[in-house]
Amino acid sequence: MPGSDWRPLGGADFAQLAEARIAAHYAAQWLARAARAFIPARPDDSHTNLGWDEAFGGFVTHKLQGARLGLKLPGLALALMEGDGGTPSQLFPLDGRVDADAHAWLGQEMRALGLDAKKLDAPSPYEMPAHAIAKGAAYAATRLAGALDELAAWFANAEISLGRLGQEYAANKLQVSPLRCWPHHFDLAVLISLDASGEHARSVNAGLSPGDESYN
């Protein structure tokens, strides 16, 4: 796609790509935890979904207390982004660190915003795929650097493709949801409603799955 922002794909090793995806999926749960704790709940759980920020190179939450929490995929780092800008005011690289370290950093940042950090301890409503990170293993962002860059390119390209798709359907007067990443499955998707709301209303969900426990 000459002249576009489309990123070339480098064909990272599949085993490393899968490992990078799982590590990023685990890291994204810190964004989901903060969203469940500090953003008013919505019936469809959409308060926990994430947006792709191309300039930042990762996912960001909806606003919480005037700030957003982000996960930068290249390098795998948590970030606090205050105000409307996309430049992090605080960055916490996860390489060589464990979830207990991420919990301590995030709690400190939330307390600085005047929020009750104890709310981060609420249990997740879903289970994560089994992985050593859940048992205290450290994130290995340096070893997975190439695969994390590749994963970021997948999501960046998906935002381009799915964004254009949504615009085309919206131009045809169909209702199109915002393009968001859902932290449960770590997929980036848009919902296109084909009918007006009702019991038998039809819809199409178009998106990117970077893999899961069924399709590695």
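This is a predicted model: local features need pLDDT of at least 70, side-chain atom pairs count only at pLDDT 80 or more; totals for chains, interfaces and linings use all residues.

Reply: Trp 52 and Phe 155 are both buried.

Trp 52 and Phe 155 form a stacked aromatic pair, with 6.1 Å from centre to centre and 25° between the planes. This pair links distant parts of the chain, as Trp 52 belongs to strand E1 and Phe 155 to helix H3, 103 residues apart. A search of the whole structure finds six aromatic pairs. Another of them joins Trp 52 to Phe 59 in an edge-to-face arrangement, at 5.0 Å centre to centre and with 75° between the planes. Phe 59 is buried, as is Trp 52. Together with Phe 186, the residues Trp 52, Phe 59 and Phe 155 make up one aromatic cluster.

Strand E2, residues 58-60, and strand E3, residues 67-72, are paired in the antiparallel sense over three bridges. In general, the strands of a sheet pair through backbone hydrogen bonds, in either a parallel or an antiparallel manner. The open sheet here has five strands in the order E1-E2-E3-E4-E5, and their pairing is antiparallel. Strands E1 (51-53) and E5 (90-93) each have a single partner strand and stand at the edges, so one side of each has no neighbour in the sheet. From one strand to the next, the twist averages 25°.

Two helices are placed against this sheet. Helix H1, residues 14-38, lies across E2, E3 and strand E4 (77-82), and runs at about 175° to E3. Helix H2, residues 99-112, packs on the sheet and touches E3, E4 and E5, while its direction makes about 5° with that of E4. The buried residues of H2 are Asp 99, Ala 102, Trp 105, Leu 106, Gly 107, Glu 109 and Met 110. These buried residues pack against H1, E3, E4 and E5. An α-helix has 3.6 residues a turn, so residues three or four places apart point the same way. H2 has 14 residues and reaches 20 Å from its first C-alpha to its last, close to the 20 Å expected at 1.5 Å a residue. After H2 comes Gly 114, with a positive phi near 85°.

Helix H3, which carries Phe 155, also holds Trp 154. Trp 154 counts as partly exposed, with a relative accessibility of 26%. Leaving aside neighbours within four places in sequence, Trp 154 is in contact with Leu 9, Leu 17, Leu 208 and Pro 210. The C-alpha atoms of Trp 154 and Gly 83 are separated by 28 Å, the two residues being 71 residues apart along the chain. Just after H3, Lys 173 takes a positive phi of about 70°. Lys 173 is placed in the loop between helix H3 (145-171) and strand E6 (175-176), and counts as exposed at 77% relative accessibility.

Thr 48 is found in the loop between H1 and E1 and is buried, with a relative accessible area of 3%. A polar atom of the side chain of Thr 48 lies 2.8 Å from the backbone oxygen of Asp 45. Beyond its neighbours within four places in sequence, Thr 48 is in contact with Ala 35, Arg 36 and Pro 183. Asp 45 is also in the loop between H1 and E1, where its phi is near 70°, a positive value in a residue other than glycine. With 31% relative accessibility, Asp 45 counts as partly exposed.

Thr 61 is placed in the loop between E2 and E3 and counts as buried, at 3% relative accessibility. Not counting residues up to four places away in sequence, Thr 61 touches Leu 31, Leu 50, Arg 68, Leu 69 and Arg 180.

Methods
Residues are numbered from 1 along each chain as its sequence is written. Side-chain values use heavy atoms; hydrogens and water are left out. Two strands pair if DSSP finds at least two bridges between them. Helices (H or I, at least four residues) and strands (E, at least two) are DSSP runs, numbered from the N terminus. Axes are lines fitted to C-alpha atoms, for helices over the stretch in contact, and angles run from 0 to 180 degrees between N-to-C directions. Contact means heavy atoms within 4.5 Å. Buried means under 20% relative accessible area, exposed over 50%, partly exposed in between (1.4 Å probe, protein chains only). A polar contact is a pair of N or O atoms within 3.5 Å; within protein, one must be able to donate a hydrogen and the other to accept it, and residues adjacent in sequence count only if both atoms are side-chain atoms. The expected span of a helix is 1.5 Å times one less than its number of residues. Rings of Phe, Tyr and Trp (its six-membered ring) pair if their centres lie within 6.5 Å; planes under 30 degrees apart count as stacked, over 60 as edge-to-face and the rest as tilted.
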